[in-house]
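Welcome! Here is a short briefing for anyone meeting this protein for the first time. Please take a look at the sequence and the model, then read on.

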Amino acid sequence: MSVQLTVLGSGSAGNATLLQQGEDRVLIDAGLSCRELTKRLERVEVDPSGVGAVAITHAHGDHTRGAALFSRRYGVPVYVTDATRAVWGQGDVASWHGLTCDTVTDVCGFQFLPFEVSHDADAETIGFRIDTSAGAIGFATDVGMVTPQLRDRFQSCRLLVIESNHAVELLEFGPYAQSTKV
(Lines give C-alpha, C1' and ligand atoms only; values in the text may rest on other atoms or scores of the structure.)
Protein backbone atom coordinates (compact mmCIF):
# COMPACT_ATOMS: atom_id res chain seq x y z
CA MET A 1 0.00 0.00 0.00
CA SER A 2 1.42 3.37 -0.97
CA VAL A 3 2.01 6.34 1.30
CA GLN A 4 0.86 9.73 0.06
CA LEU A 5 1.91 13.16 1.27
CA THR A 6 -0.13 16.14 0.07
CA VAL A 7 0.77 19.72 0.96
CA LEU A 8 -2.57 21.51 1.41
CA GLY A 9 -1.00 24.87 2.29
CA SER A 10 2.46 26.28 2.96
CA GLY A 11 3.66 29.71 4.05
CA SER A 12 2.49 32.52 6.29
CA ALA A 13 -1.10 32.22 4.98
CA GLY A 14 -1.36 28.76 6.53
CA ASN A 15 0.39 25.41 6.73
CA ALA A 16 -1.24 21.98 6.48
CA THR A 17 -0.02 18.68 5.07
CA LEU A 18 -1.95 15.43 4.72
CA LEU A 19 -0.15 12.13 5.30
CA GLN A 20 -2.09 9.03 4.35
CA GLN A 21 -1.79 5.33 3.76
CA GLY A 22 -5.01 3.53 3.00
CA GLU A 23 -7.55 4.69 5.57
CA ASP A 24 -4.87 6.05 7.96
CA ARG A 25 -4.71 9.85 7.71
CA VAL A 26 -2.86 12.49 9.72
CA LEU A 27 -2.86 16.25 9.25
CA ILE A 28 0.50 17.78 10.06
CA ASP A 29 -0.38 21.30 11.19
CA ALA A 30 -3.77 22.91 10.62
CA GLY A 31 -2.93 26.53 9.96
CA LEU A 32 -5.81 27.14 7.56
CA SER A 33 -9.33 27.84 8.79
CA CYS A 34 -11.48 24.78 9.44
CA ARG A 35 -13.61 25.69 6.43
CA GLU A 36 -10.53 25.98 4.17
CA LEU A 37 -9.03 22.73 5.52
CA THR A 38 -12.31 20.96 4.80
CA LYS A 39 -12.48 22.39 1.28
CA ARG A 40 -8.89 21.43 0.46
CA LEU A 41 -9.30 17.92 1.84
CA GLU A 42 -12.45 17.43 -0.21
CA ARG A 43 -10.60 18.77 -3.28
CA VAL A 44 -8.16 15.84 -2.94
CA GLU A 45 -11.08 13.47 -2.34
CA VAL A 46 -10.55 12.99 1.39
CA ASP A 47 -13.51 13.10 3.75
CA PRO A 48 -12.43 15.31 6.69
CA SER A 49 -14.18 12.94 9.10
CA GLY A 50 -11.70 10.28 7.97
CA VAL A 51 -8.70 12.18 9.34
CA GLY A 52 -7.43 10.34 12.41
CA ALA A 53 -5.19 12.96 14.05
CA VAL A 54 -3.66 16.42 13.83
CA ALA A 55 0.04 16.77 14.75
CA ILE A 56 1.20 20.33 15.51
CA THR A 57 4.80 21.47 14.92
CA HIS A 58 4.58 24.74 16.89
CA ALA A 59 2.14 27.33 18.24
CA HIS A 60 2.27 30.01 15.55
CA GLY A 61 -1.16 30.78 14.08
CA ASP A 62 -0.15 29.81 10.56
CA HIS A 63 0.28 26.26 11.91
CA THR A 64 -2.64 26.12 14.38
CA ARG A 65 -5.40 28.45 13.09
CA GLY A 66 -7.98 25.75 12.27
CA ALA A 67 -6.78 22.95 14.54
CA ALA A 68 -9.12 23.40 17.53
CA LEU A 69 -12.33 23.74 15.52
CA PHE A 70 -11.31 20.95 13.12
CA SER A 71 -10.58 18.73 16.13
CA ARG A 72 -13.94 19.43 17.75
CA ARG A 73 -16.00 19.25 14.56
CA TYR A 74 -14.56 15.92 13.40
CA GLY A 75 -13.62 14.36 16.76
CA VAL A 76 -9.93 14.33 15.87
CA PRO A 77 -7.24 14.16 18.59
CA VAL A 78 -4.46 16.76 18.59
CA TYR A 79 -0.85 15.64 19.11
CA VAL A 80 1.41 18.36 20.50
CA THR A 81 4.33 18.85 22.89
CA ASP A 82 3.55 20.13 26.40
CA ALA A 83 5.50 23.34 25.75
CA THR A 84 3.59 24.11 22.55
CA ARG A 85 0.26 23.32 24.21
CA ALA A 86 1.08 25.71 27.07
CA VAL A 87 1.93 28.57 24.67
CA TRP A 88 -0.90 27.84 22.25
CA GLY A 89 -3.46 27.73 25.06
CA GLN A 90 -6.24 26.02 23.09
CA GLY A 91 -8.05 23.89 25.65
CA ASP A 92 -11.12 23.09 23.61
CA VAL A 93 -10.16 20.18 21.36
CA ALA A 94 -11.62 16.67 21.03
CA SER A 95 -8.67 15.24 22.96
CA TRP A 96 -4.99 15.90 23.63
CA HIS A 97 -2.12 13.49 23.04
CA GLY A 98 1.41 14.32 24.03
CA LEU A 99 4.51 14.39 21.88
CA THR A 100 7.96 14.30 23.44
CA CYS A 101 11.10 15.21 21.56
CA ASP A 102 13.31 12.25 20.71
CA THR A 103 10.57 9.76 21.66
CA VAL A 104 8.67 7.77 19.02
CA THR A 105 4.88 8.07 19.14
CA ASP A 106 2.45 5.99 17.09
CA VAL A 107 0.03 8.34 15.33
CA CYS A 108 -2.55 6.43 13.26
CA GLY A 109 -0.07 3.67 12.40
CA PHE A 110 2.77 6.05 11.51
CA GLN A 111 5.81 6.24 13.79
CA PHE A 112 6.46 9.93 14.53
CA LEU A 113 9.83 10.89 16.00
CA PRO A 114 9.63 14.58 16.96
CA PHE A 115 12.81 16.60 17.42
CA GLU A 116 13.59 20.29 17.92
CA VAL A 117 14.38 22.48 14.93
CA SER A 118 15.73 26.02 14.79
CA HIS A 119 12.89 28.59 14.81
CA ASP A 120 11.89 31.60 16.90
CA ALA A 121 8.63 30.30 18.38
CA ASP A 122 7.95 30.94 22.08
CA ALA A 123 7.99 27.19 22.71
CA GLU A 124 9.91 24.42 21.05
CA THR A 125 9.38 23.99 17.34
CA ILE A 126 9.54 20.42 16.16
CA GLY A 127 10.15 18.56 12.97
CA PHE A 128 9.36 14.90 12.44
CA ARG A 129 11.03 11.80 11.16
CA ILE A 130 8.05 9.65 10.23
CA ASP A 131 8.61 5.96 9.69
CA THR A 132 6.10 4.39 7.32
CA SER A 133 5.79 1.04 5.58
CA ALA A 134 7.21 2.69 2.43
CA GLY A 135 10.25 4.22 4.17
CA ALA A 136 11.00 7.25 6.30
CA ILE A 137 9.77 10.79 5.67
CA GLY A 138 11.59 13.85 7.00
CA PHE A 139 9.29 16.81 7.72
CA ALA A 140 10.29 20.26 9.00
CA THR A 141 8.78 23.70 8.42
CA ASP A 142 10.03 27.19 9.31
CA VAL A 143 13.56 25.86 9.55
CA GLY A 144 15.92 28.69 10.55
CA MET A 145 19.10 26.68 9.96
CA VAL A 146 20.18 23.15 9.17
CA THR A 147 21.55 21.66 12.38
CA PRO A 148 23.52 18.45 12.88
CA GLN A 149 20.42 16.93 14.53
CA LEU A 150 18.25 17.79 11.51
CA ARG A 151 20.83 16.22 9.19
CA ASP A 152 21.02 13.14 11.42
CA ARG A 153 17.23 12.66 11.65
CA PHE A 154 16.77 13.07 7.91
CA GLN A 155 19.58 10.73 6.93
CA SER A 156 18.21 7.77 4.95
CA CYS A 157 14.76 9.33 4.52
CA ARG A 158 13.11 8.49 1.21
CA LEU A 159 11.25 11.81 1.11
CA LEU A 160 12.02 15.21 2.63
CA VAL A 161 9.66 18.12 3.16
CA ILE A 162 11.61 21.18 4.26
CA GLU A 163 10.21 24.68 4.33
CA SER A 164 12.69 27.37 5.24
CA ASN A 165 10.98 30.64 4.50
CA HIS A 166 11.65 32.07 7.94
CA ALA A 167 13.35 35.45 7.60
CA VAL A 168 13.60 37.59 10.73
CA GLU A 169 13.71 40.90 8.85
CA LEU A 170 10.72 40.09 6.65
CA LEU A 171 8.74 38.96 9.65
CA GLU A 172 9.57 42.05 11.68
CA PHE A 173 9.00 44.65 8.97
CA GLY A 174 6.65 42.84 6.58
CA PRO A 175 2.87 43.03 6.29
CA TYR A 176 2.24 40.14 8.69
CA ALA A 177 -0.38 40.02 11.43
CA GLN A 178 0.92 40.27 14.99
CA SER A 179 -0.32 36.71 15.62
CA THR A 180 2.13 35.47 12.98
CA LYS A 181 4.99 37.48 14.47
CA VAL A 182 4.66 35.90 17.93
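**A first look**

At 22% relative accessibility, Tyr 74 counts as partly exposed, where buried means under 20% relative accessible area, exposed over 50%, and partly exposed in between (1.4 Å probe, protein chains only). Keep in mind that this is a predicted model, in which local features need pLDDT of at least 70 and side-chain atom pairs count only at pLDDT 80 or more, while totals for chains, interfaces and linings use all residues. Residues are numbered from 1 along each chain as its sequence is written, and side-chain values use heavy atoms, with hydrogens and water left out.

**The whole protein**

- The protein has seven helices and 11 strands; these are DSSP runs numbered from the N terminus, with helices (H or I) of at least four residues and strands (E) of at least two.
- The C-alpha trace spans about 45 × 35 × 30 Å along its principal axes.
- Of the 182 residues, 51% count as buried.
- Among contacts with a separation of 6 or more, 49% come from residues 24 or more positions apart, contact meaning heavy atoms within 4.5 Å.

**Aromatic pairs**

- A pair of aromatic rings is described by the distance of the centres and the angle of the planes.
- Rings of Phe, Tyr and Trp (its six-membered ring) pair if their centres lie within 6.5 Å; planes under 30 degrees apart count as stacked, over 60 as edge-to-face and the rest as tilted.
- By this rule the count comes to four aromatic pairs.
- In one of them, the ring centres of Phe 70 and Tyr 74 are 4.8 Å apart and the planes stand at 50 degrees, so this pair is tilted.
- Phe 70 and Tyr 74 are four residues apart in helix H3, about one helical turn.
- Phe 70 is buried, at a relative accessible area of 0%.
- Phe 112 and Phe 128 make an edge-to-face pair, with 4.9 Å centre to centre and 80 degrees between the planes.
- Phe 112 belongs to strand E8 (residues 110-116) and Phe 128 to strand E9 (residues 126-132), so their pair ties together parts that are 16 residues apart in sequence.
- Phe 112 is buried at 0%, and Phe 128 counts as buried at 0% relative accessibility.

**Helix H1 and its surroundings**

- Helix H1 (residues 34-43) packs with helix H3 (residues 67-74) at an angle of about 65 degrees, their axes 8 Å apart.
- H1 brings Cys 34, Leu 37, Thr 38 and Leu 41 to this contact, and H3 brings Leu 69, Phe 70, Arg 73 and Tyr 74.
- The buried residues of H1 are Cys 34, Glu 36, Leu 37, Thr 38 and Leu 41, and they pack against E1, E2, E3 and H3.
- After H1 comes Glu 45, with a positive phi near 65 degrees.

**The six-stranded sheet**

- An open sheet of six strands runs in the order E1-E2-E3-E4-E5-E6, with mixed pairing; two strands pair if DSSP finds at least two bridges between them.
- Strand E1 (3-9) and strand E6 (96-99) are the edge strands, each pairing on one side only.
- Strand E2 (residues 16-21) and strand E3 (residues 24-30) pair in the antiparallel sense over six bridges.
- Ala 16 has Ala 30 as its bridge partner in E3.

Methods. Axes fitted to C-alpha atoms, helices over the stretch in contact; angles between N-to-C directions.
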